[in-house]
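This report describes selected local features of one protein model.

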Amino acid sequence: MKFTSLLTVILLFLLPGYFSLSQIQSTTFISGKCTGANSMDPTSTVSSSAPVVTAGRVLIVSPFYSTYRTFVEFNLSGVVPENAIITRATLKLYPNSRVGNPVIHTARITAPWQENSVSWTNQPSYTNTQQVTSSLLDFQGWLNIDVKNHVQNMIAGVYPNNGWMLYHNNETENANKHYIFRSDDYADPAYHPRLEISFYIPMSVTDAVINHESSPGASDGSISPVLADGPGGTYTYQWYNKNGMMPGKTALNLTGVSYGWYGLRVTSSIAGTEPFYYAFLIGENCAEKEIEFNPGPDFIDDAMLQDRINYTDVNYGNYQMMEAYEREGYGNEYDGRSSLLRFRLWIDSELNLNKGQLQLRSSTQLSPTYSNNNARLHYVISDWSENIVTYSSIPDYSMSPLALNMPAITVSNSDFFFDLLGPLENIQEDNSHNYGWLFRLTTYDNITKYQRYYSSDATNLSQRPKINFRVSTYNAHCLSYSEMKRALDGGYSYAMDGKLKFTMDEPYELDASKYLPFTIYDKHHMVLESSDIDGVVLNGSVAPLPLNFDDNRWILDISSIPGIATGEYYILEVSNSKGDKRYLRFFYKN
């Protein structure tokens, strides 16, 4: 028997005046693994060619009844990505017949099983947690069972995919109530059990063009994000700032704003999809500004992960605490906890981050003298979803290097401040891989200890995590003219926007035909450009610099010099009218 999948095409919506490529994808899986078991014949297996299977109570010979169960599984690998958001998942079986009014439970199977070895005494284990109940007085066509939550967690790796078991809600009553379903061996494959799934890849920001406020009070900052994936349909946009929703700011591109943080919400017209949230920073040119990023739960992802029997598959995305925690529970079982934290924030590469301070409000802390509660932030290196992730599906994280060491803390109900500048600069270098951090104890050694802080879901706004930024942004307009020096020292100047601004306060005899002799060297003292006093270009292609009456300031355009690279140091050498040399070391910023 073979597993097959039928992937339907991506839907297209064509509306008057609007064209949208929907990214909701739908796929149908056809089962090749379906069998049954019954209590009256406990050791026998169902024939591999049996065309039907049964779920419910069956009257054999009065007053004897047998209990029947159906098992079915689908191969989901390689079609639906792990980070997909499931919008619909329907398990479909076609009843061949029905007797009475059976109430059927659909439970998730928790262990692997083989179709040809299942019997009543050799059944795979199952869980009735989140099982689905189906009850139909009349039926026509397929029995449709909503298994969306099951499939979402299977795809995300919360628990393995071992399929489902269908059984009657009362397996001891003396009543003839059952379904007979067509199996994967029914003669017509159009009636084989199937699983229909619709899904989309979560939206993301792949780039952003940010113009920072040009001067105090100019209010000319702007954000133009580039979005990818998402469910499609018709999108609506809403911008937020520190004061909440911004009236009238309902376009994808935000314009006319001052420095600060701004958050975007994107909502799709397709029912059952989730809004997308992301925030951005805007600075003020030629100035250093403080920005408090305290956006609340929409722009912060955090989830507690619990390593305890019966809780490892539970999602705590709305938990009001972030915990690095170890505590003795029942039966000498230790409850180990850790937490994920991510700020949904794009940090523009043109911003200078001068401070990035993580502020957390502590709840209760316990640090025993014989085993302190030292904790750490680890870099998370794969994606995760706040409302899906569990301890069983914890994303990959790095043991080294650490994002942050958090020393032993014993003070409760107080604000604590941690230097997060380095990790934030790492985000700035690659915003598209902002997966946040894992907060956990340094050691888990069966000793009760913990660090506990309020999460973004705390009801008290002042208790929520935030980042205190100090940012600045500078371009060539902000830079003053650098003075040429008689000898090089440890200092340097900046060249920005392809321009180097310099001055040399020494008189030249005015001669309209003369030029400023100069040479530019790289760090290996190789000549990149040079020009003499007569305006002859000796090396390279930069235009000579004419001498100007009563103005010893020059702007040298170095952007087109072959081989010049941002992030490198260079030396400018010029000569005065007496032939004396003057020097300037500069860093080519951009």
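Is Lys 289 buried, partly exposed or exposed? Lys 289 is partly exposed, with a relative accessible area of 21%; buried stands for under 20% relative accessible area, exposed for over 50%, and partly exposed for values in between (1.4 Å probe, protein chains only). The model is predicted, and local features need pLDDT of at least 70, side-chain atom pairs count only at pLDDT 80 or more, and totals for chains, interfaces and linings use all residues. Residues are numbered from 1 along each chain as its sequence is written, and side-chain values use heavy atoms, with hydrogens and water left out.

**Salt bridges**

Side chains of opposite charge can pair when their charged atoms come close. The structure holds 22 salt bridges, where a salt bridge is a side-chain nitrogen of Lys or Arg within 4 Å of a carboxyl oxygen of Asp or Glu. Three of them are listed here, including the one formed by Lys 289.

| Lys 289 | Glu 284 | 3.8 Å |

Helices (H or I, at least four residues) and strands (E, at least two) are DSSP runs, numbered from the N terminus.

Strand E25 also carries Glu 326, whose partner Lys 449 lies in strand E33 (residues 449–454), so the contact ties together parts that are 123 residues apart in sequence. Lys 449 counts as buried at 0% relative accessibility, and Glu 326 is buried with a relative accessible area of 3%. Elsewhere, a network of salt bridges links Asp 301, Arg 342, Arg 344 and Asp 383.

**Sheets**

Strands of a sheet pair through backbone hydrogen bonds, either parallel or antiparallel. Here, two strands pair if DSSP finds at least two bridges between them. An open sheet of five strands has the order E19-E18-E21-E22-E27, with mixed pairing. Its edge strands, each pairing on one side only, are E19 (244–245) and E27 (345–346). Strand E22 (residues 276–282) is joined to E27 in the parallel sense by two bridges, and Ala 279 stands opposite Leu 345 in E27.

A further open sheet has six strands in the order E36-E45-E44-E39-E40-E41, again with mixed pairing. The edge strands are E36 (493–495) and E41 (537–539), each of which pairs on one side only. Neighbouring strands of this sheet are turned by 25 degrees against each other on average, direction ignored; the axes are lines fitted to C-alpha atoms, and angles run from 0 to 180 degrees between N-to-C directions. Strand E40 (residues 527–531) and E41 run antiparallel and are joined by two bridges, and Ser 530 has Asn 539 in E41 as its bridge partner.

**Helix H2**

Helix H2 (residues 421–429) has the buried residues Leu 421, Pro 423, Leu 424, Ile 427 and Gln 428. Viewed down the axis of H2, these buried residues fall within an arc of 165 degrees, so they line one face of the helix. The arc is that of the directions from the helix axis to the C-beta atoms.

**Backbone geometry**

Most residues other than glycine have a negative phi, and most peptide bonds are trans. Cys 286, in the loop between E22 and strand E23 (287–293), has a positive phi of about 65 degrees although it is not a glycine. Cys 286 is partly exposed, at a relative accessible area of 33%. Asn 446 also has a positive phi, near 60 degrees, and lies in the loop between strand E32 (437–441) and E33. Its relative accessible area is 48%, which is partly exposed.

Where cis peptide bonds are concerned, one joins Ser 62 and Pro 63, with omega of about 10 degrees. The peptide bond from Ser 400 to Pro 401 is cis as well, with omega near 5 degrees, and Pro 401 is found in strand E30 (residues 397–406).
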